[in-house]
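Try each task before you read its solution.

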4 protein chains.
Amino acid sequence: MLRIAVIGAGRIGKIHSGNVARHPRARLAAVVDPIEAAAKTLAQEHGSQWATDAAALIAGKEIDAIVVGSPTNTHIDLIERAAAAGKAVLCEKPIDIDIAKVDRCLENLRKKPVPLMLGFNRRFDPSADALKRAIAAGEVGTVRQVIISSRDPGPPPLAYLAASGGLFRDMTIHDFDMGRWLLGEEPIEVYATASCLVDPQVAQHNDYDTAMVIMRTASGSQCHINNCRQAVYGYDQRLEVFGSAGMIVNDNLRPTTLRRFDSSITDAREPLLNFFLERYAESYRRELDAFVAAVLDQKAVPVTGEDGRRALMLADAALESARTAKAVRLV
Amino acid sequence: MLRIAVIGAGRIGKIHSGNVARHPRARLAAVVDPIEAAAKTLAQEHGSQWATDAAALIAGKEIDAIVVGSPTNTHIDLIERAAAAGKAVLCEKPIDIDIAKVDRCLENLRKKPVPLMLGFNRRFDPSADALKRAIAAGEVGTVRQVIISSRDPGPPPLAYLAASGGLFRDMTIHDFDMGRWLLGEEPIEVYATASCLVDPQVAQHNDYDTAMVIMRTASGSQCHINNCRQAVYGYDQRLEVFGSAGMIVNDNLRPTTLRRFDSSITDAREPLLNFFLERYAESYRRELDAFVAAVLDQKAVPVTGEDGRRALMLADAALESARTAKAVRLV
Amino acid sequence: MLRIAVIGAGRIGKIHSGNVARHPRARLAAVVDPIEAAAKTLAQEHGSQWATDAAALIAGKEIDAIVVGSPTNTHIDLIERAAAAGKAVLCEKPIDIDIAKVDRCLENLRKKPVPLMLGFNRRFDPSADALKRAIAAGEVGTVRQVIISSRDPGPPPLAYLAASGGLFRDMTIHDFDMGRWLLGEEPIEVYATASCLVDPQVAQHNDYDTAMVIMRTASGSQCHINNCRQAVYGYDQRLEVFGSAGMIVNDNLRPTTLRRFDSSITDAREPLLNFFLERYAESYRRELDAFVAAVLDQKAVPVTGEDGRRALMLADAALESARTAKAVRLV
Amino acid sequence: MLRIAVIGAGRIGKIHSGNVARHPRARLAAVVDPIEAAAKTLAQEHGSQWATDAAALIAGKEIDAIVVGSPTNTHIDLIERAAAAGKAVLCEKPIDIDIAKVDRCLENLRKKPVPLMLGFNRRFDPSADALKRAIAAGEVGTVRQVIISSRDPGPPPLAYLAASGGLFRDMTIHDFDMGRWLLGEEPIEVYATASCLVDPQVAQHNDYDTAMVIMRTASGSQCHINNCRQAVYGYDQRLEVFGSAGMIVNDNLRPTTLRRFDSSITDAREPLLNFFLERYAESYRRELDAFVAAVLDQKAVPVTGEDGRRALMLADAALESARTAKAVRLV
């Protein structure tokens with residue numbers, strides 16, 4: 001039984017708390033949030049303890065692991081405290097929006113290793129997972145092209161943008177990870193173009209809301225990503241892997257299997273699931289499964305700090321490319 | 001080159017005339033209609049002759065074959081005149097709505113045989129044809145169940161009903177033929193239930209507008225047909241063949257391959273093709289191909305008078321069943 | 001908190017026990033099975049008590065409700081004991097395979113009423129539920145035709161058939177309930193035809209493995225059901241509701257959203273979910289939710305004993321029809 | 001009636017000849033090919049004249065228009081001769097692979113204007129056309145992203161590559177035109193990356209077989225193109241237009257509407273149509289319609305020489321980008 005503290009009682013903390021509470025091999029030891037009311041409410045819902053001081057809890061003996069769902073700028077501190085205390089960490093992406101800080105953090109972790117798993121939850125989506133296994137089984141032959149369509153249902157508040165690190169580090173970072181994972185090979189060159197087509201105010205934050213990316217690997221395989229902060233038809237999450245022996249496409253998940261026919265349309269399906277909490281509910285459960293199993297069974301975590309660092313490097317490269325109109329080469 | 005006269009300048013006559021005129025191995029020798037203006041207009045469109053007297057034309061030497069698209073009550077007379085004159089016939093369904101007359105006609109034809117092909121055009125739909133070939137190739141194993149969904153976009157004028165022979169002989173007859181063809185075995189028992197759900201006035205014509213049928217063969221395989229004179233989403237034409245080794249479904253054909261996504265629906269396709277002239281345009285062309293090839297190459301026609309008779313027998317049995325609430329056994 | 005004993009530690013008992021154990025408003029008070037090892041194993045998995053004597057437990061004070069997942073011939077006795085002890089019951093279908101016994105049981109229950117909910121789990125499938133709500137909202141207008149395709153992945157052991165009550169009472173009964181529910185009106189006439197196409201030995205048990213049914217309501221709306229004990233492509237569960245304003249179709253649920261393209265096929269999806277435990281996992285959870293909420297909140301259960309009785313009447317009528325080749329009228 | 005000479009009796013000439021011969025407002029005046037046997041065979045099939053000397057025919061009085069389906073390096077000479085003789089031209093893409101020559105040709109044409117229509121046949125595909133009209137009708141709102149997937153079933157012979165102008169000018173050129181057309185705005189920046197993943201020998205011809213492109217317009221809208229010379233599942237032609245009010249996707253066209261279910265797969269559709277002659281058969285017919293109507297009714301042709309020039313400019317820019325790893329700006 002793994003005793004887990006969930007740090008952060010926001011929407012992502014709620015998801016993790018619920019999953020920990022229901023997990024057969026885990027126990028929700030505490031919910032931690034500087035806002036006591038938030039921590040308390042969430043903890044009581046699951047019959048767990050609560051705290052406002054993560055540092056003390058991490059240093060103590062009542063927990064074995066932390067799940068980090070607090071703001072990005074707290075991640076490194078929490079990871080390093082966990083490492084110091086020998087606690088395992090499941091950390092939401094990104095580790096930080098500053099690659100230099102991430103490098104230092106991972107360097108420090110090498111000296112005092114604890115299991116650190118990055119929360120690239122989409123890898124644990126049953127369909128994405130089946131796709132990855134199909135590629136590994138050779139079903140598409142050699143991968144030639146990967147296409148990732150990833151559009152949010154609506155933009156975050158403008159206030160969110162400042163601390164977000166920008167479109168590439170905040171939103172595309174999931175797709176960079178997905179691209180690396182499906183390509184099965186490191187991208188060596190990244191090109192991006194980006195615009196503000198949803199909301200011109202986004203430009204005032206030096207950010208973008210609509211982007212296209214191309215990545216290339218050493219072997220010449222290619223990956224395209226398209227992003228937009230607003231798709232009126234819902235949270236659009238599609239994958240396509242094209243190879244020498246065929247293609248596998250992962251379509252969107254729907255709330256039901258109904259199709260409607262009337263005098264104006266046929267075969268119409270419902271709007272897509274609202275957003276990531278709904279679309280990836282099962283992924284979060286399976287992600288926690290993987291984390292708990294890795295820690296308890298002393299196996300390698302399936303998504304590492306290095307995976308987090310690589311995705312951030314791609315995001316930084318994309319940002320530079322969008323600003324310079326040149327493909328950026330990764331070393 | 002087969003010299004063909006098209007009898008009837010109505011909507012079906014127009015389809016056939018156009019196809020004959022464009023056929024590489026046929027020539028539209030004449031368009032015949034008692035209404036001279038109709039015959040003339042259609043004939044001129046295709047640069048052919050026209051006539052008002054079918055009998056004289058059939059008896060004469062200027063044609064090799066007739067395509068019968070005139071009202072049902074003229075079919076037998078035309079077939080018998082053609083037989084007397086040694087002309088081949090492609091006749092729209094049904095031969096007649098009176099099975100006794102059909103029996104006599106086919107009996108007479110046995111004495112003076114000419115090629116007689118029935119216009120069960122749906123057999124020539126590329127998808128239906130591919131389905132039949134897949135069954136023959138063993139792709140579904142032994143056929144266990146066939147399901148035919150066949151709904152019109154809107155009801156015919158009430159005036160049409162009186163001469164139509166009723167829902168089963170006029171509309172379902174296509175599905176009876178399709179059922180026999182896909183089952184690959186004669187139905188020996190028919191049950192039907194029918195209602196007036198579209199228009200209560202239909203009941204005043206002793207007719208129905210909405211029906212369900214079940215047929216059973218000697219080996220125990222089963223076929224379901226559902227019909228309605230009105231589907232607001234368009235001409236609904238679907239097939240399903242379920243067997244010991246799998247299932248093949250034939251979905252509706254669409255005008256385009258577009259799928260639409262907006263804030264209320266996703267994956268929405270267009271309304272179905274309007275009606276049989278649009279849906280089965282290609283089938284009518286391929287039907288004519290088959291007729292021309294059979295006559296010129298002296299091969300058996302692929303849909304016979306007996307096929308027409310069998311479908312009518314099933315329609316009669318269904319009508320009796322709907323009236324008696326008993327399955328009707330075919331001898 | 002509703003204290004529930006699950007009676008029966010077989011595959012359906014396992015599903016219910018797990019759902020009860022995880023339910024926020026219920027507690028798994030006991031697992032009961034005459035085979036102690038089975039009860040004990042399942043109980044220990046969920047940290048609950050176990051028992052071999054259901055009667056004693058029902059009469060006692062440690063439980064508020066029972067979920068009946070034991071063999072069909074034990075259902076009435078358990079229901080009546082629960083009624084005598086004032087305990088609520090969620091009972092798997094059918095109540096019994098003998099309609100006379102069911103009538104007496106329901107009559108007895110009227111004298112000493114407790115909440116009795118029938119386990120027609122498919123009503124709680126999110127898509128079926130959305131379909132029912134769409135009909136209620138008028139989306140298809142007046143319902144004209146309902147089509148239910150329901151095929152099992154493979155036949156049960158022959159030994160199972162003897163006690164099952166036969167195809168119509170064991171398998172089709174779910175579809176009879178679904179038909180009634182979607183039609184929104186009682187069928188007044190039933191016709192069925194049935195065969196042994198999967199396994200000829202089934203005929204030796206006076207049973208069938210492949211059937212088609214048509215039901216008709218007083219208003220003339222129609223419902224078709226097709227069943228087979230074996231579909232090699234998996235557990236096939238589809239619904240179609242056709243009305244004056246449109247049609248809604250419920251397609252099969254899949255394990256993933258992947259579509260495959262290779263040199264022989266395109267758009268291929270995976271085999272369907274294996275069987276009802278996988279296909280209706282969510283339905284069983286939602287069914288339990290509905291039961292718990294009804295009992296704790298003192299509301300009417302959404303599926304009643306009368307629903308169970310009606311479905312059985314339709315099954316009996318279908319069996320008679322299949323034997324007599326006549327539609328059977330329900331009084 | 002427009003008297004048309006088809007120049008070139010190869011596979012594309014055959015398509016055009018057949019369409020001209022069957023066109024109600026056109027007459028196939030001649031088939032021209034330097035290889036007399038090829039010209040003669042094709043001409044005889046359609047009952048037309050044939051010739052080996054295009055120049056003489058163009059200069060003469062027996063034709064009103066030419067359809068140019070001869071090798072690319074003959075296009076400009078034919079266009080200029082037609083202009084000199086006042087004959088209308090429907091020319092296969094590209095006008096030439098050298099943009100300077102194209103510029104001069106179009107400059108010359110301005111002095112002696114005749115109708116010149118470029119054969120970007122995909123614009124006349126019924127689905128692409130419906131998509132363009134839907135965009136124009138505002139169905140997707142403001143266009144933000146266009147995604148074009150365009151993969152050939154198999155690579156051309158290596159010998160073909162030398163004269164082809166390379167992947168971007170030969171294959172992607174259709175997609176550049178489609179992108180411009182669907183964006184409704186000129187791209188101002190092009191980035192491309194390209195590899196030899198199908199056949200390493202392609203690299204020896206300084207060419208590529210697998211590419212990804214991103215284009216950007218002044219307003220910030222974006223277009224992605226992906227190409228490969230080999231898709232084992234057939235000729236893959238898909239479009240996606242994403243805008244502020246929704247998305248419309250154009251899926252692949254199939255030979256039938258069948259879907260197969262067996263023990264290993266479900267919903268499987270057939271392989272895609274083999275290649276452009278099959279996939280775009282209807283487009284070629286509608287393209288000819290548009291050309292004939294424009295010339296006879298003295299309206300502007302719907303695809304101009306300038307459209308041909310713009311697509312070639314984008315191809316040249318993509319090639320430069322692929323070689324320099326920089327986005328190329330168009331003036």
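Two residues are in contact if their C-beta atoms, placed from the backbone, lie within 7 Å. This is a predicted model, where local features need pLDDT of at least 70, side-chain atom pairs count only at pLDDT 80 or more, and totals for chains, interfaces and linings use all residues. Residues are numbered from 1 along each chain as its sequence is written, while chains are lettered from A and ligands numbered from 1 in the order in which they are written.

**Exercise 1.** Describe the side of chain D that touches chain B.

Step 1: Start with the counts: chain D gives 22 residues to the contact and chain B gives 22 residues.

Step 2: Find the elements, bearing in mind that helices (H or I, at least four residues) and strands (E, at least two) are DSSP runs, numbered from the N terminus. Helix H6 (126-136), strand S12 (246-250) and strand S13 (258-261) of chain D each give two or more residues. S12(D) supplies the largest share, five residues.

Step 3: Sort the residues by type. Ala, Val, Leu, Ile, Met, Phe, Trp, Tyr, Cys and Pro count as nonpolar, Asp, Glu, Lys and Arg as charged, and the others, Gly among them, as polar. On this side of chain D there are eleven nonpolar, six polar and five charged residues.

**Exercise 2.** Work out how strand S12 of chain B is joined to S13(D).

Step 1: Two strands pair if DSSP finds at least two bridges between them. Here four bridges join S12 (residues 246-250) of chain B to S13(D), and the strands run antiparallel.

Step 2: Look for a facing pair: Asn250(B) stands opposite Leu258(D).

**Exercise 3.** Is Glu92(C) buried or exposed?

Step 1: Locate Glu92(C) in the loop between strand S5 (88-91) and helix H5 (99-111) of chain C.

Step 2: Recall the rule: a residue is buried if 20 or more other C-beta atoms lie within 10 Å of its own, exposed if 12 or fewer, and partly exposed in between, with C-beta atoms placed from the backbone. Glu92(C) has 22 other C-beta atoms within 10 Å, so Glu92(C) is buried.

Step 3: Look at the surroundings. Leaving aside neighbours within four places in sequence, Glu92(C) is in contact with Ile12(C), Val68(C), Gly69(C) and Gly119(C). Glu92(C) and Leu118(C) are 26 residues apart in sequence, yet 6.0 Å apart in space, C-alpha to C-alpha.
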